Amino acid sequence: MYLTDAIYTANMNDHQRAWFRAEYERARKDEVVGVLLALFLGCFGLHHFYLRRDMLGVLYLIFFWTGITAILGFIECFFMPGRVRYYNASQAMYISSQILATSTQSSATVLCTACAASIDPTATFCTHCGAAITHSALSSQPAV
């Protein structure tokens, strides 16, 4: 269990926490891998590609023949743990916001126009009276 679990999953139920942990494990990066990439392959900019900073990675690839990128890669290996932690925190915040936004969209209540009973927003017929439900253009679409 990570510290980010407690911070970003405070308003989630158990199902949402499990969903968060699965998505976070898939998206998170390892600090040791970042340091090793910067130390040994920093001249090619692979540590930037690892953190999805593609423009800097391409810039390093263009100028790797100068030797300057090797020096920068060695210096940047000391900054990689902080950069990886920042990347992981931003990924956790994004995943958490998407999960919480999805849950608030799906929990919106829709009322039947015929009998005024609350129904599922994705339903096409009312379970109380059987009337067909017409969704307006402003109503939320079901998540795919």
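Me: Is Phe74 buried, partly exposed or exposed?
Reply: Phe74 counts as partly exposed, because its relative accessibility is 44%; buried means under 20% relative accessible area, exposed over 50%, and partly exposed in between, with a 1.4 Å probe and protein chains only. This is a predicted model, in which local features need pLDDT of at least 70 and side-chain atom pairs count only at pLDDT 80 or more, while totals for chains, interfaces and linings use all residues. Residues are numbered from 1 along each chain as its sequence is written, and side-chain values use heavy atoms, with hydrogens and water left out.

Me: How many aromatic pairs does the structure hold?
Reply: There are three aromatic pairs, where rings of Phe, Tyr and Trp (its six-membered ring) pair if their centres lie within 6.5 Å, and planes under 30 degrees apart count as stacked, over 60 as edge-to-face and the rest as tilted. In one of them, the rings of Phe44 and Phe64 have centres 5.1 Å apart and planes at 50 degrees, so that pair is tilted.

Me: And what about Phe74 and Phe78?
Reply: Their ring centres are 5.5 Å apart and their planes stand at 85 degrees, so the pair is edge-to-face. Phe78 is exposed, with a relative accessible area of 59%.

Me: Switching topic, which residues make up the largest nonpolar core?
Reply: Eight residues form this core, namely Leu37, Ala38, Tyr50, Leu51, Cys77, Met80, Val84 and Tyr87; a nonpolar core is a set of buried Ala, Val, Leu, Ile, Met, Phe, Trp, Tyr and Cys residues joined through side-chain atoms within 4.5 Å.
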